Amino acid sequence: GRTRGTGPDYIPVMVVQDRAGHLADFQLERLDAKTVQRALKPLIAPDAVLCSDGAGVYASFSRREGITHQVVHNRQGERVVGAYHIQCIFPRMAIAQ
């Protein structure tokens with residue numbers, strides 16, 4: 001695919017971790033807003049802050065649910081923005097690969 005990590009030979013996977021270290025992981029049928037909505041909605045409280053790499057599916061979810069969305073652009077080498085970070089997920093993803 002045109003986006004790194006997408007294409008016919010890839011299976012979309014989403015990993016979610018909260019500040020307490022609780023993990024949830026999903027093998028998604030599709031990487032689209034509807035599928036992400038179905039997976040995330042039961043996990044994320046309305047007063048939570050969703051911290052992501054900025055993919056459009058997460059922005060769509062946060063807008064739809066009225067949840068604050070903090071983007072950390074991993075592609076630019078950024079893994080931390082103030083108190084928000086996505087670096088704890090990467091070791092988990094490496095194990096899954």
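**Ground rules.** I am working from a predicted model, where local features need pLDDT of at least 70, side-chain atom pairs count only at pLDDT 80 or more, and totals for chains, interfaces and linings use all residues. Residues are numbered from 1 along each chain as its sequence is written, and side-chain values use heavy atoms, with hydrogens and water left out.

**Salt bridges.** I looked for salt bridges (a side-chain nitrogen of Lys or Arg within 4 Å of a carboxyl oxygen of Asp or Glu). I found two.

Lysine 41 pairs with glutamate 65, N to O at 3.8 Å. This pair links distant parts of the chain, 24 residues apart. Lysine 41 sits in the loop between α1 (33-40) and β3 (49-52), glutamate 65 in helix α2 (residues 56-65). I took helices (H or I, at least four residues) and strands (E, at least two) as DSSP runs, numbered from the N terminus.

I then checked exposure: buried is under 20% relative accessible area, exposed over 50%, partly exposed in between (1.4 Å probe, protein chains only). Lysine 41 is partly exposed at 48%. Glutamate 65 is partly exposed too, at 24%.

The other bridge joins arginine 30 to aspartate 32, with the closest N and O atoms 3.1 Å apart. Arginine 30 is exposed at 55%.

**Core.** I next looked up the largest nonpolar core, which has twelve residues, including Met14, Val36, Ile44 and Phe61. β1 (13-17), α1 and α2 each give two or more residues to this core. Such a core is a set of buried Ala, Val, Leu, Ile, Met, Phe, Trp, Tyr and Cys residues joined through side-chain atoms within 4.5 Å.

I picked out isoleucine 44. Leaving aside neighbours within four places in sequence, isoleucine 44 is in contact (heavy atoms within 4.5 Å) with Leu50, Phe61 and Ile67.
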